[in-house]
Amino acid sequence: MTALVHADVRHPGRRDTASFRSPVSPARPSVRHLGPNWYASVMGTAILATAGAALPVRVPDPVLAAVWALSALALVTLLVARAAHWLRHTDQARTHLRDPSVAPFYGCLSMALLAVGGGALAAGVPGGLALDAALWSVGTALALVTATAVPYLMVVRHRIEPGSASPVWLLPVVAPMVSAALGPQLALHLPPGQPRLAMLLGCFALFGMSLLATLMILPVVFARLMHHGAPPPALTPTLFLVLGPLGQSTTAMGNLADAAPGTFASAAVLYGVPVTGFALLWLALATAMVVRAARAGMGFAMTWWAFTFPVGTCVTGAASLARHTGLAALGWLALALYVALVLAWCAACAGTVRGLVTGALLAAPRPAERAPR
């Protein structure tokens, strides 16, 4: 399997290249096929700590710290491996940027940095505040770059064909929403007055930037599903990516309300409740599509990491609403989603480790099965 977690979404009928069960090239695995999508594994691991800390029931601090440490180790490892990818396989790296089905995954880098930083603060690790501030600053800068550069490339450089819209397109524009959700916790450590107000309003601007961009993309994604049918089996888990901006925006409004209760308190509930309702509807639809793909023989692919971070944002969103409304049912919803998140993480992690051990995940791809109709 290539480092990419997708088939060529520009051609929905084309044979999928992401299935873990497909034959692979006999060449020795290397970082040549290590794509930016691998940062999704960091995001999916770090959200376990952040979401666990937000639950109405207490998760032991050593457990959260251990999970965070694993995500930090994965981040460092991938940063080194991706640097080697750019240095040793520049041609492949440039090919990734020229491919409209790959370039959006560059949004995962900024979100990985943000997720690890936020997880450090949530898990209460030593030096977590300083680490979070540093990673938030770098991650937010990268989020702004990718949210601008990737759509620019898609408009002026990439060849976008009819029926190619994918939830993957959300990745660059949802990155600023992650910054908006994690920034208010840092704002509380700034001096009251202008510094704190600037930080909070900056986070609210990031919220609006990401939300409006998401609202432009979601109708195109749904129209693609209606007119061209289900995505290929290995791509079906990417439908869960739609949950990311929904859960993260609810979390962002809740965290803004925590930092500035008089300004954002009512907005957090008025916005979060209907958006959470839509997220549950999409979760049911995406789950049904995954079940259908599984019956058609969907094997493991790196797309399975889409089951983790987006669901984790729904956990933090539901937990935030539970705090602001006092409704116990929302707390139970957050807990149920967290159980699903842990199970999804175990499945994605097991498949990834197995693929790394066998070398299949870093080998060159071969065509696999077509999407079911």
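Modeller: Let's start with α2, which gives the largest share of the lining of the largest pocket, six residues. Helices here are DSSP runs (H or I, at least four residues), numbered from the N terminus. Before going on, a word on the source: this is a predicted model, where local features need pLDDT of at least 70, side-chain atom pairs count only at pLDDT 80 or more, and totals for chains, interfaces and linings use all residues. Residues are numbered from 1 along each chain as its sequence is written, and side-chain values use heavy atoms, with hydrogens and water left out.

Back to the pocket. On a 1 Å grid over the protein atoms alone, a pocket is an open set of points where a 1.4 Å probe fits, with protein on both sides within 12 Å along at least five of seven lines; lining residues have an atom within 4 Å of a point. This one holds about 440 Å³ of space, a volume being the space filled by probe spheres set on the points, which are joined across faces, edges and corners. α1 (39–54), α2 (61–88) and α11 (328–358) are the elements that each give two or more residues to its lining. In total 18 residues line the pocket, and Trp-38, Ser-41, Ala-74, Thr-352 and Leu-356 sit nearest its centre. Sort the lining by class and you get 14 nonpolar, four polar and no charged residues. Here Ala, Val, Leu, Ile, Met, Phe, Trp, Tyr, Cys and Pro count as nonpolar, Asp, Glu, Lys and Arg as charged, and the others, Gly among them, as polar.

Now follow α11. It has 31 residues and reaches 45 Å from its first C-alpha to its last, close to the 45 Å expected (1.5 Å times one less than its number of residues). Its buried residues (under 20% relative accessible area, 1.4 Å probe, protein chains only) include Leu-337, Leu-341, Ala-344, Ala-348 and Thr-352. An α-helix has 3.6 residues a turn, so residues three or four places apart point the same way. The buried residues of α11 pack against α1, α2, α9 (261–295) and α10. After the helix comes Gly-359, with a positive phi near 85°.

How far can you trust this? The chain averages a pLDDT of 90, and 90% of the residues score at least 70; pLDDT is the predictor's confidence in each residue, from 0 to 100. Over residues 1–27, though, the pLDDT is below 50. Where pLDDT is low, the predicted coordinates should not be read in detail.

Notes. Buried means under 20% relative accessible area, exposed over 50%, partly exposed in between (1.4 Å probe, protein chains only). Contact means heavy atoms within 4.5 Å.
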